Amino acid sequence: MAKRLSVIDVDLCVGCQCCMFACNRRFAEAGLSRSAIHIKSVGGFERGFVVTVCRACSDPPCARVCPTNALVRREGGGVTLHMNKCIGCQNCLKECDIGAIFWDKNMNKPVICVYCGYCVDFCPFDVIKLESIRGE
């Protein structure tokens, strides 16, 4: 069954970015540059944070605009990226309604959530959750 990340309660987020660091570790790297989940402040600590991550759209606009079919709609929602087909046009980046596609400048390729849930285990406040979704 397909999975997707859900933001359970953004008010619990303290902006620690542990999820971002965990995601970046998928590439065996330290830092945040290749994370597929982003946390940002909405105007100071007292105003809280925004969690931006792929929501596994059932009809993903990023896949519709990909000229090489590098982004393929995944059963149950979201997309799968075929790096070898990506030409770095950034159409997907521009088309994502919620800004959940990030860009790897070194590789000139999108960074997209693979719904592994690794980040969930590192969120100390249970802000995010990996949930099963039904196929279509």
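Colleague: Is V14 buried, partly exposed or exposed in this model?
Modeller: The model is predicted, so local features need pLDDT of at least 70 and side-chain atom pairs pLDDT 80 or more, while totals for chains, interfaces and linings use all residues. Residues are numbered from 1 along each chain as its sequence is written, and side-chain values use heavy atoms, without hydrogens or water. V14 sits in the loop between β1 (2-7) and α1 (18-24), helices (H or I, at least four residues) and strands (E, at least two) being DSSP runs numbered from the N terminus. Because its relative accessible area is 33%, between the limits for buried (under 20%) and exposed (over 50%), with a 1.4 Å probe and protein chains only, V14 is partly exposed.

Colleague: And A63, is that residue buried or exposed?
Modeller: A63 belongs to helix α2 (residues 61-64), and its C-alpha atom is separated by 9.1 Å from that of E95, 32 residues away along the chain. Since the relative accessibility of A63 is 14%, A63 counts as buried.

Colleague: How many cavities of 30 Å³ or more does a search of the whole structure find?
Modeller: A cavity is a set of points, on a 1 Å grid over the protein atoms alone, where a 1.4 Å probe fits but cannot get out; lining residues have an atom within 4 Å of a point. The search of the whole structure gives a total of 4.

Colleague: Which residues lie closest to the centre of the largest cavity?
Modeller: By class, the lining of this largest cavity has 12 nonpolar, 1 polar and 2 charged residues. Of the 15 residues that line the largest cavity, the closest to its centre are C54, C57, C62, C96 and I101.

Colleague: Which residues lie nearest the centre of the second largest cavity?
Modeller: The lining of the second largest cavity comprises 14 nonpolar, 2 polar and no charged residues. Among the 16 residues of that lining, those nearest the centre are C13, C16, C19, C123 and V127.

Colleague: Which element supplies the largest share of the lining of the largest pocket?
Modeller: A pocket is an open set of points with protein on both sides within 12 Å along at least five of seven lines, and the largest pocket has a volume of about 230 Å³. Its 16 lining residues include R26, L81, P110, I112 and V114, which lie nearest its centre, and they divide into 11 nonpolar, 1 polar and 4 charged. Both β5 (79-81) and β7 (109-111) supply at least two lining residues, but the largest share, 3 residues, comes from β5.

Note on methods. Grid points are joined across faces, edges and corners, and a volume is the space filled by probe spheres set on the points. Ala, Val, Leu, Ile, Met, Phe, Trp, Tyr, Cys and Pro count as nonpolar, Asp, Glu, Lys and Arg as charged, and the others, Gly among them, as polar.
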